[in-house]
Amino acid sequence: MTNKRHLTRRQQFRIDKIQSERSERAQRKQAKTQLALEGGELGEEQSGRVIAHFGQAMEVEAADGQMVRCHLRANLPPLVTGDKVIWRQAASGGVVVACQRRSSELCRPDNSGRLRPLAANIDQLIIVFAPLPTPHANLLDRYLVAAEQAGIAPLLLLNKADLPEAGMLAPMLSLYRSLKFPLLEVSARAGQGMDALQKVLADKASVFVGQSGVGKSSLVNRLLPDAGRAIGELSGTAGKGTHKTSSARLFHLPSGGDLIDSPGIREFDLAHVSRAAVEAGFIEFRERLGQCRFRDCKHQTEPGCALLAALAEGHISEQRMHSYRQIVAGLRA
Ligand SMILES: Nc1nc2c(ncn2[C@@H]2O[C@H](COP(=O)(O)OP(=O)(O)OP(=O)(O)O)[C@@H](O)[C@H]2O)c(=O)[nH]1
Ligand SMILES: [Zn+2]
């Protein structure tokens, strides 16, 4: 028995030794590869912003405006467009050595349902809608909840104000105005209201979201006449060009401010959220939450419900209550 245990211990010792040698060899190899990648010597630490990314490689804009193709130091988590980073010059390109805390993130679940960030440090979510295709108030409310959840200020943007059907949206506009959401009316086609839009975009990083066909591309093209050219340049620097369409890119607007844009971001939708987050996203509910008779009130038919009382008194609109119920009914949790 004793013998056997001794043997086992000795065997274990040998196994441990082999494993530790293997792991040391792997670490040395990784350090060597990293050093080779970085070209040995690294320059001073500098601040920068991720303008676009392609897996482990990214385009970083340095403080002086120069664009540097960087790769990510091995121990860092993946970065996204909009990230504020510290990078160092290497023999060829640069190395991102640290990432600053994000002030906000737009996330979307991946195929396995895990939330993945699409872009970071966004100040403003511009929710575009139009008279045609007919807007679904429910969709606007979903975006407003998503903005609230991400801690990003929303701006409602009615495009195609040139269409005669725009008049029919007056009740909807007045509802959102009464809730104190900022709202602008523009026409990308007629160029109407573009000055006011440029003003709210200045000094901020914004993202356009909204239903297909509302005119997001038209708006972006008007604000950024040479965006197509910039995207062309991006695929050139990406080398392989395989990631060029999926990754978001940060554009500097000639009129001031930044726009983070990609087809994926434009179709951004409400990710997995809790009922509490949805409730918090309906700003007119806020002061009434916690005032229902039952703590777990679902605000459906319960007696003593503060939201139902506010609905009856006209302080909460039927349409918003309907939206709320639809959103909550669609939650997976
Ligand atoms: N009348 C009018 N039509 C517009 C305006 N802006 C865009 N459109 C038209 O609306 C249609 C859709 O515009 P897009 O810019 O492709 O819309 P989008 O939101 O980018 O659509 P997706 O790419 O499908 O997400 C096009 O036929 C545009 O010409 C506008 O201000 N007024
Ligand atoms: Zn209630």
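In this predicted model, the hairpin of β1 and β2 has two residues between its strands, and glycine 55 takes a positive phi near 65 degrees there. The protein as a whole has 333 residues, and its secondary structure comes to ten helices and 13 strands. One further topic is ligand 1, which has 15 residues around it.

- Strands of a sheet pair through backbone hydrogen bonds, in either a parallel or an antiparallel sense.

**Strands β1 and β2**

- Strand β1 covers residues 45-54 and strand β2 covers residues 57-62; the two run antiparallel and are joined by six bridges.
- Within this pair, histidine 53 has methionine 58 of β2 as its bridge partner.
- Glycine 55, with its positive phi, is in the hairpin of these two strands.

**Strands β2 and β3**

- β2 also pairs with strand β3, residues 67-72, in the antiparallel sense, here over five bridges.
- Valine 60 stands opposite another valine, residue 68 in β3.
- The hairpin of β2 and β3 has four residues between the strands, and in this hairpin glycine 65 takes a positive phi near 95 degrees.

**Strands β4 and β5**

- Strand β4 (residues 84-89) and strand β5 (residues 94-99) run antiparallel, with five bridges between them.
- The bridge partner of isoleucine 86 is alanine 98, which is in β5.

- Arg189, Ser212, Gly215, Ser217 and Ser218 come nearest to ligand 1 among the 15 residues around it.
- Helix α5, residues 216-223, gives the largest share of this shell, with three residues.
- Sorted by class, the shell holds seven polar, five charged and three nonpolar residues.

**The protein as a whole**

- Of the 333 residues in the protein, 30% are buried.
- Counting contacts between residues at least 6 apart in sequence, 63% join residues that are at least 24 apart.

Notes
Residues numbered from 1 in each chain as written. Chains lettered and ligands numbered in written order. Predicted model: local features only at pLDDT ≥ 70, side-chain atom pairs only at ≥ 80, totals over all residues. Near = placed C-beta within 6 Å. Nonpolar A, V, L, I, M, F, W, Y, C, P; charged D, E, K, R; others polar. Pairing = 2+ DSSP bridges. Buried ≥ 20, exposed ≤ 12 C-beta atoms within 10 Å, placed from the backbone. Contact = placed C-beta atoms within 7 Å.
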